[in-house]
Amino acid sequence: MVHAKADADVIAVRPALDRDNLTLLTGAEVTKLETDDAGRTVTGVVVSRDGNREVYTADIVAISAGAANSAKILLNSASDAHPRGLANGSDQVGRNYMFHNCKAVVALSKEKNDTVFQKTLGINDFYFATKNYEYPMGNIQMIGKSNAEAMRGEKPNLTKLSPEWTLADVAGHAVDFWLTTEDLPQPGNRVTTDRDGHVHLAYASSNDAEADRLYGELKKILNHTGMAEHHVLGKNFYMDMSIPVAGCAHQAGTCRFGTDPSASVLDVNCKAHELDNLYVVDTSFFPSIGAVNPALTAMANAIRVGEHLASRMS
C-alpha cells in the first residue's frame, strides 16, 4: 500500500504488496490522476513532492481527500477522454457541496458553571417536523466549555475593550450549545478549479429560516432551565455566532453516489461510474448531509467499501 498525503490524500492499493505495510509520504501533494487512452483505468497518481514530479501506480486507487480536494483532483485530471474532469461525464463532480448550517450559542446561567467536560447532551426533538412546524429544523448539542480567550478571539469587535476578568466571569457562567441545520444539496453550490488548478467555491446558504427557528426553540427551552435574566433589559441574555463557510468543518457532497450515472459520480460501492479502478471514499459520496456530525457515517462507509475492495482483490 502506498499513501501520499498533503493537502490531498490518495491511497494506492497494490494487492501484491504486504497489506500490513504502509508508506507515508510527507511533503507530497497529489496533483492529478492519469488514465489509459480509453479513459477507463487510472494508470498513474501524479504527486508533487519536494519540487519534483513523481508518479505512483496501483491496481486500485481510492481518493480520500475531503469533499473540496477530492473534487479538485478529479477536475484537475481532465483529459481527452474526460474533457470536463475525471469521472465527470455527468457534470456532477464538485456540485452539491454541503457543509452544515451551524450556530454557536452561549447562554448565561444564574449559577456558576464549573463543568469541564461539557459535551454531554444532544436534543433531536426538532430534527424532523413537529406538530407546530412542518419542516425539520435540526440538532441541538452541547459543545466544549467556553473561556475568556475564546470569547475575545471569536468576537474581537465586541470584546476588545473588555478587561480579562469580565470575560472570565462571563465564561464562568456560560452554558454552550451548537445548533446544526441541514444544508441542502444544490447543484449551484459547487467546487470548481481555475486554469492554475486552484479551488473556487460558489455557495449560497439554505434552510436559514429553519436555523433561525431552531435557535428560537433553544431559547424557549433555556427560559425554563435557570438561565440568567438580564438585569437591565428584563429578558434572558444569549450570545450567538453563526459559523460561515470560513469556519467549515463538515464538507460533503461533491462526488455523490447513486445508481444513475447521468445524475451521480459514483456507484453504490463508491466506484466512479466511468472508471474501473477508481474509488472516492470520504464524505464526497454523501447525497445529503443531514443535521448531525458526518464522521461516523464516513467511517461506516469506509469499512463497507473496504470490505468490497477486499472481496474484489481476493
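## Salt bridges

In this predicted model, D91 and R95 form a salt bridge with an N to O distance of 3.0 Å. D91 is partly exposed, its relative accessible area being 22%, whereas R95 is buried at 15%. The pair also belongs to a network: salt bridges with shared partners join D91, R95 and R190.

The structure has seven salt bridges. One of them pairs E34 with R53, whose closest N and O atoms lie 2.7 Å apart. E34 sits in strand β4 (residues 28–35) and R53 in strand β6 (residues 52–56), so that distant parts of the chain, 19 residues apart, are linked. E34 is partly exposed at 26% relative accessible area, and R53 is exposed at 56%. Another salt bridge joins the side chains of D276 and R40, at 2.7 Å from N to O. D276 is in the loop between β14 (238–243) and β15, and R40 is in the loop between β4 and β5 (42–49); the pair therefore ties together parts that are 236 residues apart in sequence. D276 is partly exposed, with 34% relative accessibility, and R40 is partly exposed at 34%.

## Cysteines

The structure contains zero disulfides. C270 takes part in none, and the nearest cysteine sulfur, which belongs to C255, is 9.8 Å away. With 0% relative accessibility, C270 is buried. C102 is buried as well, at 8% relative accessible area.

## Helix α5

Helix α5 covers residues 208–222, which makes 15 residues. From its first C-alpha to its last it reaches 21 Å, close to the 21 Å expected at 1.5 Å a residue. Its buried residues are E210, A211, L214, Y215, E217, L218 and L222. Viewed down the axis of α5, these buried residues fall within an arc of 160 degrees, so they line one face of the helix.

## Two loop residues

G144 lies in the loop between β10 (139–142) and α2 (148–154). G144 counts as partly exposed because its relative accessibility is 48%. Neighbours within four places in sequence aside, G144 contacts Q118 and D176. The C-alpha atoms of G144 and T115 are 9.5 Å apart, with the two residues separated by 29 residues along the chain.

T283 is placed in the loop between β15 (278–280) and α6 (295–313). T283 counts as buried because its relative accessibility is 13%, under the 20% cut-off. Not counting residues up to four places away in sequence, T283 touches A67, Q251, A252, G253, P294 and A298.

Technical notes: Residues are numbered from 1 along each chain as its sequence is written. This is a predicted model: local features need pLDDT of at least 70, side-chain atom pairs count only at pLDDT 80 or more; totals for chains, interfaces and linings use all residues. Side-chain values use heavy atoms; hydrogens and water are left out. Helices (H or I, at least four residues) and strands (E, at least two) are DSSP runs, numbered from the N terminus. Buried means under 20% relative accessible area, exposed over 50%, partly exposed in between (1.4 Å probe, protein chains only). Contact means heavy atoms within 4.5 Å. The expected span of a helix is 1.5 Å times one less than its number of residues. The arc is that of the directions from the helix axis to the C-beta atoms. A disulfide is a pair of cysteine sulfur atoms within 2.5 Å. A salt bridge is a side-chain nitrogen of Lys or Arg within 4 Å of a carboxyl oxygen of Asp or Glu.
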